[in-house]
Amino acid sequence: MNFSEALPTFVITLREGVEAALVVGIVLACLKKSGQSYLSPWVFGGVGVGLIASAFIGVLLVWTMQILSASNQPFAPIMELLLEAIFGIIAIAMLSWMLIWMTKQARFMKAEVEGAVSAALTQNSHAGWGVFSLVFIAVLREGFETVLFVVAKFQQGIIPAIGALGGILSATGLGVLLFKWGVKINIRLFFKYMGILLLFIVAGLVVSTLGLFDSAMNILSQTNRESAALCFYYERFTKIHSCILGPMVWNTSQLLPEDKFPGLLLSALFGYTDKLYVVQAIAYFVFLITVGGIYLQSLAGRVFFPFKKNSGNEIGN
């Protein structure tokens, strides 16, 4: 069993799950502080429905992919690859935005959530629904980003699901430690290093997404003569080439295959591929330099979730 497939989904789900757990913890703390803990079931209801809705979206997307793969239409394989590539682009954009936005807005998160809870509580008869909606949207947003990543990485089966479940359980456990037992955790360092790891995982998604576009164009170019020009790299440019990604940078399939350990681990965490092409290599480093540079710059002087100041880094109950 290829347990390395569980690593990316575990990291993504843990990172997104902790963010959702922080929102849930703030909401529960606000309700307790205002003497309205009787609304707590609405919070847990929002968590449950948000998880179910995220899972439903994942099933719907996978079902769509399976219909395309089972179709007898001549362009079905191309449409399947293009759809996976589009999911990849959306996942890259959303996860990159989440990293940068979370870094810049984290210090205001507690105040924003508390303000939203206070506004919901003023609605009296609809207070429960207001709290439910706040938590539901927070959980669904994080769940949707995770589902998009999993579908974009075409990771289906029990192993990626185990990784996602492990991430959810770990995030839940961390939330309990923070808000129920008052354990002090350096959440700033947690998000910092998880963010750096996530950068490499998303950079790997850039490489695999470009590979999907290349495969789609290659199949389309072989379908009819009118599409043959789509593959604009020919042997006169280089003997070993791709369809649209240029010449090959390396072929380490014999030395370090990506489907065997440790290539599996490098592929899961850092986007390693045993057949890398020029455009993929350029895109990989451009992503790390641009998005990674913005992320690292925004880390300077940041304070995460000031529930309680403990040397500026720790939070507790």
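Author: Start with a definition: a contact means heavy atoms within 4.5 Å. The model is predicted. Among contacts in the chain with a separation of 6 or more, 76% join residues 24 or more positions apart.

Reader: What elements make up the chain, and in which order do they run?

Author: The chain has 8 helices and 4 strands. From the N terminus on, the order is α-α-α-α-α-β-α-β-α-β-α-β.

Reader: How much of the chain counts as buried?

Author: Buried means under 20% relative accessible area. Of the 317 residues, 47% count as buried. The accessible surface of the chain is about 16000 Å². Carbon and sulfur atoms own 68% of that surface.

Reader: Take α2. How do you know that its length fits a helix of 31 residues?

Author: The expected span is 1.5 Å times one less than the number of residues. For the 31 residues of α2 that gives 45 Å. The end C-alpha atoms of α2 are 45 Å apart, so the two agree.

Reader: Which residues of α2 are buried?

Author: They are S40, V43, G46, G50, A53, S54, G58, L61 and M65.

Reader: Now the inside. Which residues touch the most other members of the largest nonpolar core?

Author: V18, F190 and F287 do, in a core of 46 residues. At least two residues each come from α1, α2, α3, α4, α5, α6 and α8. Helix α6 gives the most, with 12 residues.

Reader: What does F287 touch, leaving out residues up to four places away in sequence?

Author: F287 touches I92, S96, L199, V202, A203, V206 and G292. There is also a second, separate core of 18 residues. Among its members are C30, V117, A127 and V135.

Reader: On to charges. Why is the pair E19 and R15 called a salt bridge?

Author: The rule asks for a side-chain nitrogen of Lys or Arg within 4 Å of a carboxyl oxygen of Asp or Glu. The closest N and O atoms of E19 and R15 are 3.2 Å apart, so the pair qualifies. E19 and R15 are 4 residues apart in helix α1, so about one helical turn separates them.

Reader: How do you know whether E19 and R15 are buried or exposed?

Author: The cut-off for buried is under 20%. E19 has a relative accessible area of 1%, so E19 is buried. R15 has 2%, so R15 is buried.

Reader: What makes R141 a partner of E19?

Author: Their closest N and O atoms are 3.4 Å apart, and the limit is 4 Å, so this is a salt bridge. R141 lies in helix α4 and E19 in helix α1, so the pair ties together parts that are 122 residues apart in sequence.

Reader: Why is R141 called partly exposed?

Author: Partly exposed lies between buried, under 20%, and exposed, over 50%. R141 stands at 32%, so R141 falls in between.

Reader: Which salt bridge joins R141 and E142, and how buried is E142?

Author: The closest N and O atoms of R141 and E142 are 2.9 Å apart. E142 has a relative accessible area of 3%, so E142 is buried. The count comes to 3 salt bridges. R15, E19, R141 and E142 are linked in a network of them.

Reader: Last, L265 in helix α7. What class does its accessibility give?

Author: The relative accessible area of L265 is 31%, so L265 is partly exposed. L265 and L7 are 258 residues apart in sequence. Their C-alpha atoms are 8.2 Å apart in space.

Notes:
Residues numbered from 1 in each chain as written. Predicted model: local features only at pLDDT ≥ 70, side-chain atom pairs only at ≥ 80, totals over all residues. Heavy atoms only, no water. Buried < 20%, exposed > 50% of the residue type's maximum accessible area, 1.4 Å probe, protein only. Core = buried A, V, L, I, M, F, W, Y, C linked by side-chain atoms within 4.5 Å. Areas by Shrake-Rupley, 256 points an atom, 1.4 Å probe, with all protein chains shown as cover.
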